[in-house]
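Trainee: I have a few questions about this one. Can we go through them piece by piece?
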Amino acid sequence: MVKKTILTIFTLFLLNIVVPTLEAKALTFDELPIKQTSKQWSVQVDKADQGKGFVKPEKGKFHTYSLEVDNIGKDILSAEVYMFRNEPNSTTKFSLFSCPDEKECNKEHFERAISLAKQLNDGYPYRFSNFLLAEKATEFEVEIVWTQKGMEGRPLKETFTFTAE
């Protein structure tokens with residue numbers, strides 16, 4: 001009888017330690033906007049724009065958010081913004097948008113990067129009004145690759161990571 005009681009107490013003790021670590025956390029932003037900054041960039045996640053033509057969140061599948069990237073540092077020559085999410089139990093990160101025609105995207109790649117840099121230098125942030133983020137994601141990553149004026153041949157990269165808390 002004493003052995004059963006000790007075994008039961010020990011089992012309950014182990015379950016209290018193990019079960020909380022198995023709990024899955026989904027990436028949701030309870031308070032928006034949420035912002036991260038560096039010397040060069042300001043990256044803000046906020047509520048998604050709503051309306052005709054915009055995707056709506058779907059319970060159990062994905063949330064929708066907006067993203068705003070602002071150049072708060074030195075002038076730049078070119079800029080690219082990439083967004084990724086993780087997949088539970090995987091080291092691979094998935095892009096949140098892609099180019100439907102790879103050949104056409106590669107052809108216009110440099111012109112878009114220069115155009116985005118000019119927009120950011122002129123004080124107009126890059127704004128992605130409505131994007132999907134899978135509910136199973138626990139990490140959202142914004143990667144910015146740019147070239148500084150005067151250092152054209154040397155790309156720079158900064159990554160902003162938002163995680164479930």
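Mentor: One cut-off before we start: buried means under 20% relative accessible area, exposed means over 50%, and partly exposed lies in between. At 32% relative accessibility, Lys-93 therefore counts as partly exposed. Keep in mind that this is a predicted model.

Trainee: What does Lys-93 pair with in a salt bridge?
Mentor: Glu-141. Their side chains meet at 2.9 Å, N to O.

Trainee: And Glu-141, buried or exposed?
Mentor: Glu-141 counts as buried, at 13% relative accessibility.

Trainee: Which strands hold Lys-93 and Glu-141?
Mentor: Lys-93 is in strand 5, residues 93–95, and Glu-141 is in strand 7.

Trainee: How many salt bridges are in the whole structure?
Mentor: A search finds 8.

Trainee: Give me another. What does Arg-85 do?
Mentor: Arg-85 forms a salt bridge with Glu-87, with the closest N and O atoms 2.7 Å apart. Arg-85 is buried, with a relative accessible area of 15%. There is also a network of salt bridges that links Arg-85, Glu-87 and Lys-136.

Trainee: What about Lys-118? Which residue is its salt-bridge partner?
Mentor: Asp-122. The closest N and O atoms are 3.1 Å apart. Lys-118 is exposed, with a relative accessible area of 53%. Asp-122 is partly exposed, at 45%.

Trainee: Step back a bit. How many helices and strands are there?
Mentor: The chain has 2 helices and 8 strands. In sequence order, the pattern reads α-β-β-β-β-β-α-β-β-β.

Trainee: How much of the chain counts as buried?
Mentor: 30% of the 165 residues. The chain exposes about 11300 Å², and carbon and sulfur atoms supply 56% of that.

Trainee: What share of the contacts comes from residues 24 or more positions apart?
Mentor: 69%, taken over contacts with a separation of 6 or more.

Trainee: Now the core. How many residues does the largest nonpolar core have?
Mentor: 23. Those with the most contacts inside it are Trp-41, Val-43, Leu-67, Val-69, Phe-140, Val-142 and Ile-144.

Trainee: Which elements give two or more residues to it?
Mentor: Strand 2 (41–47), strand 3 (62–71), strand 4, helix 2 (102–121), strand 6 (126–134), strand 7 (139–148) and strand 8 (156–163).

Trainee: Back to charges. Which side chain of opposite charge is nearest to Glu-80?
Mentor: Arg-112, at 6.6 Å. Glu-80 is buried yet has no salt bridge. A salt bridge needs the nitrogen within 4 Å of a carboxyl oxygen.

Trainee: What does the side chain of Glu-80 have as a polar contact?
Mentor: The side chain of Tyr-82, at 2.4 Å.

Trainee: Where does Glu-80 sit, and what else does it touch?
Mentor: Glu-80 is in strand 4, residues 76–86. Leaving out residues up to four places away in sequence, Glu-80 touches His-109, Ala-113, Leu-116, Glu-143, Ile-144 and Val-145.

Trainee: Switching to Phe-131. Buried or exposed?
Mentor: Phe-131 is buried, with a relative accessible area of 3%. Its place is in strand 6.

Trainee: What does Phe-131 touch?
Mentor: Beyond residues up to four places away in sequence, its contacts include Tyr-65, Leu-67, Met-83, Leu-96 and Phe-140. Phe-131 and Tyr-65 are 66 residues apart along the chain, yet their C-alpha atoms are separated by 5.5 Å.

Trainee: And where is Ala-48?
Mentor: In the loop between strand 2 and strand 3. Ala-48 counts as buried, at 11% relative accessibility. Ser-129 and Asn-130 are among the residues that Ala-48 touches.

Trainee: Last one. What does Lys-35 touch?
Mentor: Ser-42, Val-43 and Gln-44, not counting residues up to four places away in sequence. Lys-35 is in strand 1, residues 34–37.

Note on methods
Residues numbered from 1 in each chain as written. Predicted model: local features only at pLDDT ≥ 70, side-chain atom pairs only at ≥ 80, totals over all residues. Heavy atoms only, no water. Helix = DSSP H or I, 4+ residues; strand = E, 2+ residues; numbered from the N terminus. Buried < 20%, exposed > 50% of the residue type's maximum accessible area, 1.4 Å probe, protein only. Contact = heavy atoms within 4.5 Å. Areas by Shrake-Rupley, 256 points an atom, 1.4 Å probe, with all protein chains shown as cover. Lys, Arg positive; Asp, Glu negative; His and termini not counted. Polar contact = N/O pair within 3.5 Å; in protein donor to acceptor, adjacent residues only side chain to side chain. Core = buried A, V, L, I, M, F, W, Y, C linked by side-chain atoms within 4.5 Å.
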